[in-house]
Amino acid sequence: MDDIWPAVVSGLVSILQPSAFMYMMLGIVISSTLVALPGIGSKTAIALLLPVAFTLEKFEAICLIVSVWAVSNTANSITSILFAVPGGSGSQATILDGYPMARNGEAARALAAAFTASALGGVFGAMVLALSLPILKPLVIMLGPPEFFVLILFGIAMVSTLSGKNKVKGLVIGLLGLLLATVGVHLVSGIPRFTFGSLALMEGLSLIPVTIGLFAIPELIALVASGSSISKMELNNLDSGRRQGIKDPFIHWWLVIRSSLVGVWVGMIPGLGSSVADWFAYGHARATEKGAEETFGTGDVRGVIAVDAATNAKEGGSLIPTLAFGIPGSSTLALVFGGLLIVGVKPGKDILTTNLDVTFSFIWLLIIASVITSVLCIIFIKPLAKATQIRPSLLVPVICALSVVGAFASSNSYYDVLIMAFFGVAGYWLRLHGWPRPPLLLGLVLGPEAERHLWTSYQLYDWEFIFRPITGSLLLLLMAILAWPTVKKFFRKKRAESGVAHGGQ
Amino acid sequence: MAVSKYVLTVALFVLFGYAMARGLEMPFRAMMMPVFVAAIALPLIVIALYQDIRRDQKRIIETHDSTADLAMTDSEVTRDAFRRVFGFFIWFGALITGAYLLGFLVALPLLVVIYLLMNKEPMWLSALLGLGVLAILYWGFQVGLVLPLPRGVLTTLLFGV
């Protein structure tokens, strides 16, 4: 415990350095603006900023990467509330009460309530993360390479099975990510693997071109295919009601705490993203709040508060498995994780022991960035709302051009632009046929670590490492989770058949 | 659409099959991961293929899953949408080829302007955005991040280094 307080102070001092603070502000502004733009998600924002982060000092890079990610769920409420178009996966449930509020002339109140609840949720999530550190530290030290190997498989499998309807396809894509991570010269044996004699592939596939290709390009294609802007609606009623909106989450403070807890819990489970957190929180609020059955769905501010508190608290929760075990729970977090690895921050044992100040800088960033973003969003409601109406035909070529430069900048190589283009087409093809893309990114990021742990485990224990108590239990749990839906379906079918048979008699 | 779906599944099978075959030729240390991954993936792809065939035979219409990834919307699978996407791919190909031949500072702003004009945006706005992109590339990347943006094969041939 003695080492925690100096780390708390050191983490705060590091991000309050003028240059680091400036990059945090830059991350907040870029993230909020890009997320508000139609069709541009947080992954695209992070992927486009990663090349910039690589040129920075460690804490400057942390500030830029983490702030872009931490606040990405705040500004996406704008389109949900104003136009009933989800600005991101975590703002779908915001529509249910946010849009009716806007139609009732309370758009500013709904937005201010959403932003304030986001800040409170973000702070709550960060606090839970901070409180969990003393518990996590001994737990992480207890685990060895076999356990970490299985935990990585566990994380990829969870994200794979939860990122689409077809679990099998999700798993295949997760494995594809692990396979793509083996491209390049094998660090232990020095043997080139799947390089096809190309020098450009010797160092493996860079994270940035793959990410831009896999996520940014298909999102731009989606904008091109849909062929229209979000809305041509007039932006009225954005002045009155802000003050009341700011007060609302404080009036319903108990709802904010409960929803934030829901968010943290969802965040801690790899694979359950914002799209689950928002519905869980909304469902919880609807089931527990007084009179909610009658008022929810017609423009009740509590519906907005619950969702936005949960989706932002989720970020703190999702950092728990990421920082402790090195398992990012989502593709966006995998991208953050990959970016941190490249700038020399390695989640896992290191970050909870020798680099505890880095962990606390994350926590402080979550707190400070959440509050600043909410304040900025409340102040700049109008320009942000206007940004959502920009025509896709203006956005697509500009973002595409920046994607090309972003891919090139990762290693100053034109091959990376080609890799980006290849994964852009592949990403669109996968999306077209319902193969989820997030597991691929997770596999690619975690692949090298998984291979290192697999090899060390084999050297230490031979194949018997899979029978170690924690490893074996985790493997059994993993198999049970994967098999459960099929088993459930089988028994349901059996029951239905026996029901028909009895009915026939 | 159906053919493209099966081509994708078969392509993945071939990819993992290749990884397995090449992996088995490697020393044990290097083969461990690719073979481990391919050994699990190959049967899973067969299951996925079987599920797709069965779904097509039973004519089950897949509903779009809004909780997953970025779900395909109905407006994206129309003939018009595919035509627009095809046009985008041609432009995107030109952007990447142009960057190689003419260099980033020339090709990227130029193709941004072409795209905007093709989409019937006003000339002044197209030119403004093209200049904006040029400014970001030059001041943001080349000067700010000290990133040497390549000059392009053709421009180097014509105007020298």
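Tutor: Ala112(A) is buried, because its relative accessibility is 0%. Buried stands for under 20% relative accessible area, exposed for over 50%, and partly exposed for what lies in between, with a 1.4 Å probe and protein chains only. The areas come from the Shrake-Rupley method with a 1.4 Å probe, and for residues only the protein chains shown count as cover.

The model is predicted, so local features need pLDDT of at least 70 and side-chain atom pairs count only at pLDDT 80 or more, while totals for chains, interfaces and linings use all residues. Residues are numbered from 1 along each chain as its sequence is written, chains are lettered from A and ligands numbered from 1 in the order in which they are written, and side-chain values use heavy atoms, with hydrogens and water left out.

Ala112(A) belongs to helix H7 of chain A. Helices (H or I, at least four residues) and strands (E, at least two) are DSSP runs, numbered from the N terminus. From Ala112(A) to Ser410(A) there are 298 residues in sequence and 38 Å in space, C-alpha to C-alpha. Helix H7 of chain A, residues 107-142, also holds Ser132(A). Ser132(A) counts as buried because its relative accessible area is 11%. Its side chain reaches the backbone oxygen of Leu129(A) at 2.7 Å. A polar contact is a pair of N or O atoms within 3.5 Å; within protein, one must be able to donate a hydrogen and the other to accept it, and residues adjacent in sequence count only if both atoms are side-chain atoms.

Next come the charged pairs. Over all chains, the structure holds 17 salt bridges, a salt bridge being a side-chain nitrogen of Lys or Arg within 4 Å of a carboxyl oxygen of Asp or Glu. One of them joins the side chains of Asp52(B) and Lys169(A) at 3.3 Å, N to O. This pair crosses between chains, from helix H2 (residues 28-57) of chain B, which holds Asp52(B), to helix H9 (residues 167-180) of chain A, which holds Lys169(A). Asp52(B) is buried at 0% relative accessibility, and Lys169(A) is buried at 2%.

Another salt bridge links Lys346(A) and Glu449(A) at 3.9 Å, N to O. Lys346(A) sits in the loop between helix H16 (331-342) and helix H17 (349-352) of chain A, and Glu449(A) in helix H22 (residues 438-461) of chain A, so the pair ties together parts that are 103 residues apart in sequence. Lys346(A) is partly exposed at 34% relative accessible area, whereas Glu449(A), at 19%, counts as buried. Elsewhere, salt bridges that share partners join Arg258(A), Glu289(A), Asp300(A) and Arg302(A) into one network.

Last, the surface of chain B. Chain B has six helices and zero strands, and 34% of its 161 residues are buried. Tyr100(B), Leu101(B), Val153(B), Leu154(B), Leu157(B), Leu158(B) and Phe159(B) form a nonpolar surface patch, with about 720 Å² of accessible area together. Patches are made of residues with over 30% relative accessible area and no salt bridge; like charges are joined within 9 Å, and nonpolar side chains (Val, Leu, Ile, Met, Phe, Trp, Tyr) within 5 Å. Helix H6 of chain B gives the largest share of this patch, five residues. Leu154(B) lies in helix H6 of chain B and counts as partly exposed, because its relative accessibility is 37%.
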